[in-house]
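I opened my notebook today to look up a few things in a new structure.

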Amino acid sequence: MRIHFTAHVLICALARTLVAQTPVRPAPPFTPAGVWRGTSTCLVRPSACKDEVVVYRITPMKTALRFRVRKDSLTGGLRLPDNIRVRDVQPIRAR
């Protein structure tokens with residue numbers, strides 16, 4: 001019984017040491033750069049617009065770009081000059 005208890009204490013101590021030595025990875029900086037996959041749905045029917053499966057490949061550029069990104073979701077759409085929404089786009093970040 002004493003050997004079993006000693007082995008258990010030793011294993012727990014080693015596990016704590018390994019956990020303490022494991023480097024904590026900081027969260028990567030948030031950026032819209034990456035591959036996003038999802039749907040692009042037409043909102044005005046009937047029209048020439050067709051529903052699509054989309055893949056966006058966003059790469060960093062030297063100029064300032066603006067996106068609306070919420071965690072791993074990228075949402076947006078297409079509007080006509082008179083502000084009518086024609087398309088709803090909802091891709092998520094591909095892994």
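I started with arginine 93, which counts as buried at 18% relative accessibility. Buried means under 20% relative accessible area, exposed means over 50%, and partly exposed is in between (1.4 Å probe, protein chains only).

A note on where this comes from: the model is predicted, local features need pLDDT of at least 70, side-chain atom pairs count only at pLDDT 80 or more, and totals for chains, interfaces and linings use all residues. Residues are numbered from 1 along each chain as its sequence is written, and side-chain values use heavy atoms, with hydrogens and water left out.

Next I looked up which residue meets the side chain of arginine 93 in a salt bridge. I found aspartate 72, at 3.7 Å from N to O. Arginine 93 lies in strand S6 (residues 85-93) and aspartate 72 in the loop between strand S3 (69-70) and strand S4 (73-74), so the pair ties together parts that are 21 residues apart in sequence. Aspartate 72 itself is partly exposed, with a relative accessible area of 28%. For the term: a salt bridge is a side-chain nitrogen of Lys or Arg within 4 Å of a carboxyl oxygen of Asp or Glu.

I also saw that a polar atom of the arginine 93 side chain lies 2.8 Å from the backbone oxygen of alanine 33.

**The whole chain**

I stepped back and listed one helix and six strands. From the N terminus on, they run α-β-β-β-β-β-β. Helices (H or I, at least four residues) and strands (E, at least two) are DSSP runs, numbered from the N terminus.

How much of the chain is buried? I noted 17% of its 95 residues. The accessible surface comes to about 8,600 Å², and 62% of that belongs to carbon and sulfur atoms. Such areas come from the Shrake-Rupley method with a 1.4 Å probe; for residues, only the protein chains shown count as cover.

How many salt bridges does a search of the whole structure find? I got four. One of them joins the side chains of aspartate 51 and arginine 45, at 2.8 Å from N to O. Aspartate 51 is partly exposed at 44%, while arginine 45 is exposed at 52%.

I then checked arginine 85, which forms a salt bridge with aspartate 88; their closest N and O atoms are 3.1 Å apart. Arginine 85 is partly exposed at 35%, and aspartate 88 is buried at 19%.

My reminder to myself: most residues other than glycine have a negative phi, and most peptide bonds are trans. With that in mind, I looked up the bond between arginine 45 and proline 46 and found it cis, with omega about -5°. Proline 46 lies in the loop between S1 and strand S2 (52-58).

Lysine 71 is not a glycine, yet its phi is positive, near 55°. I placed lysine 71 in the loop between S3 and S4, where it is exposed, with a relative accessible area of 69%. Asparagine 83 also has a positive phi, about 75°, and its place is in the loop between strand S5 (76-79) and S6.

Last, I visited threonine 31, in the loop between helix H1 (2-21) and strand S1 (34-42). Threonine 31 is partly exposed at 35%. Threonine 31 and lysine 71 are 40 residues apart in sequence and 9.7 Å apart in space, C-alpha to C-alpha.

Definitions and conventions: A polar contact is a pair of N or O atoms within 3.5 Å; within protein, one must be able to donate a hydrogen and the other to accept it, and residues adjacent in sequence count only if both atoms are side-chain atoms.
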